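Please read the following points beside the sequence and the model.

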Amino acid sequence: NAGADAAQGDILLFADAHVLFCPGFFKRVSSTMRNEIWDDVGSLHFPCGWNGFAANEFSTHYELTLGQNFWGNNLAGNFQKLTEISAHGHGCVCVRRDHFFQVGGYHPAQAGYGGDEGYLDLKFAMFGFRNYSEPRAYYLHCSQRHMNYVWVNQDVARNNFISAYTLGGMPWLEKVYASQLASGYVPEVELKPARQDALRAGQADREWIEGRAKYTMDEVLTGFKERKVPH
C-alpha cells in the first residue's frame, strides 16, 4: 500500500524480491493491460517457474477451495491464452493503479505471510473487476534456493480470518474457522484469539466494502461457476 501511494505510474507491479522475469516481460505486461483488459482488470497474474526453473512455468493457479477457505495448493493451470481466473498467489501481480485504490488496496491489518492474495483478488471480483492469467509472460520464483524469512501457520490462519470476515461477514468467518480447526495445523487455543482479532481488525473494512461492492462473496462464487472460471 505504501508503494502504491508513492508510485506515479498508472500500472503497478508488485513482486517478491526473489523473482526473475522472462525477456520482454514488462513490454508484454503493458501491452496486455492497455490493449486487452484495461477497462475491467483487477489483478493480472503470470505463470511461475518454481525454484528458478522455467520447465514448469505453467504451474500457475492456486486451488483455493473457495467454498471452504482462502488457502490451498498449487494447481497446474496450463493456460495457453489470456484467461480469467478467480485468485492467484501474489509472487508477482500487476494491477491498474486507479482500480487498486478504488477497492481499497491490501488489508492493512494482515501481517506476515499468506492470505493477502485471496483477499485482494476476491475483493476485485466483488467490485465487478476480473482477474486474469497471462501465459505470454512468466517469472521464475527462486525462494526455495535460499529463504531469508520465516512464516507460520498462525499468521496464515489469522489473515484468512480477516479476509473471510471482511469479505463475507460472520457466515464466512465461521466457515473458514471450522476449516482451519479441522485441518489441525494450528491448535484451537491459538485459533480462538486469532478469530477475535480478525473481528476487531476487519470491522471497519467490512462496513466500507458492504457500502461499495457490487456483489457479495456468494454472488462472486456463483459468477465464477457460471462463467466456468477456475475456483
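1. Strand E3 (residues 41-45) pairs with strand E9 (residues 130-133) in the parallel sense, over three bridges. Within this pair, Val 41 stands opposite Arg 130 in E9. Strands and helices here are DSSP runs (E, at least two residues, for strands; H or I, at least four, for helices), numbered from the N terminus, and two strands pair if DSSP finds at least two bridges between them.

2. The model is a predicted one, in which local features need pLDDT of at least 70 and side-chain atom pairs count only at pLDDT 80 or more, while totals for chains, interfaces and linings use all residues. Residues are numbered from 1 along each chain as its sequence is written, and side-chain values use heavy atoms, with hydrogens and water left out.

3. In which sense do strand E7 (residues 83-85) and E9 pair? They pair in the antiparallel sense, over three bridges. Here Ile 85 stands opposite Asn 131 in E9.

4. The axes of helix H4 (residues 116-126) and helix H7 (residues 217-227) come within 9 Å and cross at roughly 85°. Such axes are lines fitted to C-alpha atoms over the stretch in contact, and angles run from 0 to 180 degrees between N-to-C directions. H4 and H7 are therefore roughly perpendicular to each other (under 35 degrees counts as roughly parallel, over 145 as roughly antiparallel, 65 to 115 as roughly perpendicular and the rest as oblique). Leu 122, Ala 125 and Met 126 of H4 make the contact (heavy atoms within 4.5 Å) with Met 217, Val 220 and Phe 224 of H7.

5. The largest nonpolar core has 37 residues, of which Phe 14, Val 95, Phe 100, Phe 161 and Phe 224 touch the most other members. A nonpolar core is a set of buried Ala, Val, Leu, Ile, Met, Phe, Trp, Tyr and Cys residues joined through side-chain atoms within 4.5 Å; buried means under 20% relative accessible area, exposed over 50%, and partly exposed in between (1.4 Å probe, protein chains only). The largest share of this core, ten residues, comes from H5. A second, separate core of 15 residues includes Val 19, Leu 44, Cys 94 and Tyr 132.

6. Leaving aside neighbours within four places in sequence, Arg 195 is in contact with Phe 161, Met 170, Leu 173, Glu 174 and Tyr 177.
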